[in-house]
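This report describes selected local features of one protein model.

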Amino acid sequence: MNLKFLCSVVFMLCLNQNIQAQYVEKEEEEKITTLYPEVVFDSIQAKKALALGKGKITGVAFTRPIFSQPRIYAGNIKIVLFPVTPYFEAWYKLRKSKENLKKRRYVYMSDAAYKYRLEAITNSAGKFTFPDMKPGKYFLQGFMTWSSTGSYDQLTGTSYGSYGTQANHYEKKYYTVDHNERLEEFVEIKEDGEVVKVKLK
């Protein structure tokens, strides 16, 4: 048998064995942690807190990235109102101390507690209303998305003159950044029939 051919066969067998011996490391699964309050939810208490009254909550939802810039109104978004019960207070305290979105650690209400809420939709100017509210303490929450734009000068090339001079050439590039914000505020109606105005930001 030709020695060169024999060496080639041995090389191919060794190569094939190495390929079969390769081990592909699995991707690590991203851990998601969900937490719930340990306080027992009282549905009767929550139902009573959302009973009809003569008061009203009116407000405007907006954000202002930089104080000197005009407001960005949260048009056509859902505003959710929760009664501030002992269960809610436990949820809010847990969220403040344990929630970390970057680490994918989230704090949730139970499905039963989440059912006891009111909802309103803002108009294009971010205004909303919750009518027929009784005296009590409430928590308002809304999620808004908005975009900001910017620009920068990108170097596209360099030219050289006959006397060793150099000139850099730039082209203006534009970019867009999407933002997601959680708008929240506590509000209290102290007397039946009171109209409370709130800035949700």
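## Aromatic pairs

A residue counts as buried when its relative accessible area is under 20%. In this predicted model, Phe-128 and Phe-130 are both buried.

One aromatic cluster consists of Phe-82, Phe-88, Trp-91, Tyr-92, Tyr-114, Phe-139 and Phe-186.

Thr-63 belongs to strand E2, which covers residues 52–63. Is Thr-63 buried or exposed? Its relative accessible area is 7%, and Thr-63 is therefore classed as buried, the cut-off being under 20%.

Leaving aside residues up to four places away in sequence, Thr-63 touches Arg-71, Ile-72, Met-144, Trp-146 and Glu-181. With Glu-181, the side chain of Thr-63 also forms a side-chain to side-chain polar contact of 2.8 Å.

## Largest pocket

The largest pocket holds about 410 Å³ of space. Its lining comprises 20 residues, and those nearest the centre are Trp-91, Val-107, Tyr-108, Gln-141 and Phe-143. By class, 11 lining residues are nonpolar, three are polar and six are charged.

Which elements each supply at least two residues of this lining? They are strand E4 (78–83), helix H3 (86–98), strand E5 (105–107), helix H4 (111–114) and strand E8 (136–160).

Note on methods. Residues are numbered from 1 along each chain as its sequence is written. This is a predicted model: local features need pLDDT of at least 70, side-chain atom pairs count only at pLDDT 80 or more; totals for chains, interfaces and linings use all residues. Side-chain values use heavy atoms; hydrogens and water are left out. Helices (H or I, at least four residues) and strands (E, at least two) are DSSP runs, numbered from the N terminus. Buried means under 20% relative accessible area, exposed over 50%, partly exposed in between (1.4 Å probe, protein chains only). A polar contact is a pair of N or O atoms within 3.5 Å; within protein, one must be able to donate a hydrogen and the other to accept it, and residues adjacent in sequence count only if both atoms are side-chain atoms. Contact means heavy atoms within 4.5 Å. On a 1 Å grid over the protein atoms alone, a cavity is a set of points where a 1.4 Å probe fits but cannot get out, and a pocket is an open set with protein on both sides within 12 Å along at least five of seven lines; lining residues have an atom within 4 Å of a point. Grid points are joined across faces, edges and corners, and a volume is the space filled by probe spheres set on the points. Ala, Val, Leu, Ile, Met, Phe, Trp, Tyr, Cys and Pro count as nonpolar, Asp, Glu, Lys and Arg as charged, and the others, Gly among them, as polar. Rings of Phe, Tyr and Trp (its six-membered ring) pair if their centres lie within 6.5 Å; planes under 30 degrees apart count as stacked, over 60 as edge-to-face and the rest as tilted.
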